[in-house]
Amino acid sequence: MRLLLVEDNLELADWLARTLRQAQYAVDVVHDGEDAEHALAFGEHALVILDLSLPRRGGLDVLKSLRARGNTVPVIVLTANASLDGRVRGLDAGADDYLAKPFEIEELEARIRAQLRRASNRAEPVVACGDLVFDTNTRLFGLAGETLALTPREHAVLEQLVLKAGQTVSKAMLSAAIYDFEADADPSAIEIYVHRLRKKLEGGSVRIVTLRGLGYLLKAEE
Amino acid sequence: MPEGAQPARRPEGRNRLLPRASRSLRLQLLAWVVLPLAGLAAVNLWTSRNGAFATADLVTDRMLIGSARAIAEQVSMIDGVLDATVPPAAIEMFDTGDRDSVYYRVETADGRLLTGYPDLPAAKGRAGSDTTYRGQALRLRSYSHPIFGAGTASPIVVTVGVTLSGHDAMARQLWFRAFAQQLALVLIAGLFVLVGLRRGLAPLLKLRDAVRSRGRTELAPFSVPEAQSEIRPLIDALNVYMERVRAQMAAQRRFVANAAHQLRTPLALLSTQAAYARREAGADARDEALAALQKSSGRLARLAEQLLTLSRAEPGSRRPREDRIDLTEAARGVLESLAPVAVSRRTDLGLEADGPAMVTGDGTMLREMIVNLVDNALRYGRAGGKVTVAVSAIGNEAVLTVADDGPGIPPEERARVFERFYRVAGAVEEGSGLGLAIVREVADNAGGSVRLSDGPAGGLTVEVRLPIARG
């Protein structure tokens, strides 16, 4: 799951990104409005965390033009202006949620989960496919009642597959979801992650099916 | 009431009794109109009393002479003998109901008593005169009348005297009328003064009520359309003052809102770093996060300190102090305390001074100003660069310059960097944006000025000029 963090305070941006990566999100960080605009043009992020007071181009401005382009990516606005007026303006500009600084990281994460859940049209926080279970709250996988130990990249790939269980997921989609801008994107490495995941899923009732030329599909065995 | 409070209050209360009465405009004006008027009325009453008595004297004298003439005309020679028969009318004319006694005496030119009271003294002179007879005050008048054929007995002298009850009653009556008129005049004048004052003071009282009924935060200008031209300047001055207070309060509110705003991001950073450290299992990563957290909290403390300094530097927030401070000595102290920071940034920090430079001002704030200048230079100057603090006395000014060889500040931003919380765009170092605001506030308070310019080796030079302390 890849997030875009737009925050002009370098240190806060750095530590927020680190903390979110701890929770198995891939995070891109930009520090001003112009860069945010460019990053959003790719449309690869599942969610945007947006500070409003940004140099070069204001956060509200970025948000408005994003919505004007018809982009419906969930946006959580993060700002030091906690006034009623500020909150109303942020939400009216197209924000899905609003969090005033200072905040507890747990709250930010809960709001991220809530927005992602809503974006994927799921009411339940727990996603299941066969005996594979993914709790979007704890962000942990379980297989037949046992917690599954995964590396961040494996986690990202399996997350994409389980959230779209029964549907084809292209290599490009997987690649966009797991690599942030800083990483060397290597589509061929996806095959390695899938191979490892298949091993870890052995003994369960789910299977990763390869559809040549199309991608992958997570399927529960009957 | 506590015992101790009483002695302190008593002298004030005693002294205020009189001045308080004279501080009332109403009483003052009333006194200035009515007292002189009453004085004039008193003088007037005194003269009118004299007039009344003079009139009564005149009337009594006329009656006396009339009476004497009536008596004298009845004196005649009958068979060669002078016969004096007093006609009753001559006595009865004095019967004014005041029970006056009338005395008379008729005598010949050679001193023979014809009739009347032998011991009644003669009136002196031609006019009436006052005397005392048988224990009573008496008005006397003599009249001499020639009698034909009386020889040396002619002229006869008739003296009539009357007690003063009627005379005094008349004088009193005349005088009382004048008294009543004067009194009415003074009372009417006083009444008009009061009515006039009430009307004249109405706008002032309205202003007082308007001021008194104002809420704590209500600072709109006062409007009293009916105020006279004498009161208008007072209202205008009051409104100018209110406007100043309003501007001051607005600035204060902006600053507090801004300060709260500026504290939010560092707090969010602290909380994020703490959350990261708590979840991190690896010891190295956790140590890194905790070290960063410590640094952040140190910076937050510095921000709080600067906010406090700034609020202390504001006019009116601290009692003005007139310390004599050697700027060179103060700079030396600051440099010594900041030396560890310079060492950790590998910055060559140095002082150039050619002797003491005495200035007058708040010593704590002046030192804080130098701390902010040097801290800024260390923070924004080049790591491994050079920061030079120079103090000199030029003419009647002490000049303190702090020069670094960092990136400097573009000329177009130099005016804005003195604004609170303003941060130069693209600055990597996370400062509070308060340092130069503090510097300017302190320099202004000490009667000096601050100027930014390019340093000799690039970078920024901040120059503070303060007036040299006299003596």
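pLDDT is the predictor's confidence in each residue, on a scale from 0 to 100.

Figure 1. Chain B has an average pLDDT of 83, and 92% of its residues score at least 70. Within chain B, residues 1-18 have a pLDDT below 50, and this stretch makes one contact in the model beyond near neighbours in sequence. Where pLDDT is low, the predicted coordinates should not be read in detail. Chain A averages a pLDDT of 86, with 97% of the residues at 70 or above. For the model as a whole, ipTM is 0.75 and pTM is 0.58.

**Figure 2. Secondary structure and burial in the two chains.** Chain A contains eight helices and eleven strands; chain B contains nine helices and 14 strands. Of the 222 residues in chain A, 37% are buried, and of the 471 residues in chain B, 26% are buried. Counting contacts between residues at least 6 apart in sequence, 57% of those in chain A join residues at least 24 apart. The corresponding share in chain B is 66%.

**Figure 3. Contact between chain A and chain B.** Chain A contributes 16 residues to the contact and chain B contributes 15 residues. The chain B side consists of six nonpolar, five polar and four charged residues. A contact between the chains is also seen at A:N81, which touches B:H261.

**Figure 4. Surroundings of A:N81.** This residue sits in the loop between β4 (75-79) and α4 (84-92) of chain A. Leaving out residues up to four places away in sequence, A:N81 touches A:L52, A:G86 and B:H261. A:L52 is 29 residues from A:N81 along the chain, and their C-alpha atoms are separated by 8.6 Å. A:N81 has 17 other C-beta atoms within 10 Å and is partly exposed; a residue counts as buried if this number is 20 or more, and as exposed if 12 or fewer.

**Figure 5. Packing of helices α2 and α3 of chain A.** The axes of α2(A), residues 33-41, and α3(A), residues 59-68, come within 9 Å and cross at roughly 20 degrees. The two helices are therefore roughly parallel to each other, since angles under 35 degrees count as such. Their crossing is right-handed. On the α2(A) side the contact is formed by A:G33, A:A36, A:E37 and A:L40, and on the α3(A) side by A:G59, A:D61, A:V62 and A:L66. By class, these are four nonpolar, two polar and two charged residues.

**Figure 6. Packing of helices α6 and α7 of chain A.** Helix α6(A) spans residues 152-163 and helix α7(A) spans residues 171-178; their axes come within 9 Å and cross at roughly 130 degrees. α6(A) and α7(A) are therefore oblique to each other. The pair crosses in a right-handed sense. A:R153, A:A156, A:V157 and A:Q160 from α6(A) meet A:M173, A:L174, A:A177 and A:I178 from α7(A). Six residues of this contact are nonpolar, one is polar and one is charged.

**Figure 7. Helix α9 of chain B and its neighbours.** Helix α9(B) covers residues 435-445, and nine of its eleven residues are buried, so the helix is largely enclosed by the rest of the structure. The buried residues are B:G435, B:L436, B:A437, B:I438, B:V439, B:R440, B:E441, B:V442 and B:A443. They pack against α6 (283-313), α8 (363-380), β13 (449-454) and β14 (460-467) of chain B. After the helix comes B:G447, with a positive phi near 80 degrees.

**Figure 8. Backbone details in loops of chain A.** The peptide bond from A:K101 to A:P102 is cis, with omega near -5 degrees. A:P102 belongs to the loop between β5 (97-100) and α5 (105-119). A:Q24, in the loop between α1 (10-22) and β2 (26-30), is not a glycine but has a positive phi near 70 degrees. With 17 other C-beta atoms within 10 Å, A:Q24 is partly exposed. A:R139, also not a glycine, has a positive phi of about 55 degrees and lies in the loop between β7 (132-135) and β8 (140-143). A:R139 is partly exposed, with 15 other C-beta atoms within 10 Å.

Conventions
Residues are numbered from 1 along each chain as its sequence is written. Chains are lettered from A and ligands numbered from 1 in the order in which they are written. This is a predicted model: local features need pLDDT of at least 70, side-chain atom pairs count only at pLDDT 80 or more; totals for chains, interfaces and linings use all residues. Helices (H or I, at least four residues) and strands (E, at least two) are DSSP runs, numbered from the N terminus. Two residues are in contact if their C-beta atoms, placed from the backbone, lie within 7 Å. Ala, Val, Leu, Ile, Met, Phe, Trp, Tyr, Cys and Pro count as nonpolar, Asp, Glu, Lys and Arg as charged, and the others, Gly among them, as polar. Axes are lines fitted to C-alpha atoms, for helices over the stretch in contact, and angles run from 0 to 180 degrees between N-to-C directions. Angles under 35 degrees count as roughly parallel, over 145 as roughly antiparallel, 65 to 115 as roughly perpendicular and the rest as oblique. A crossing is left-handed if the near helix is turned anticlockwise from the far one by less than a right angle, and right-handed if clockwise.
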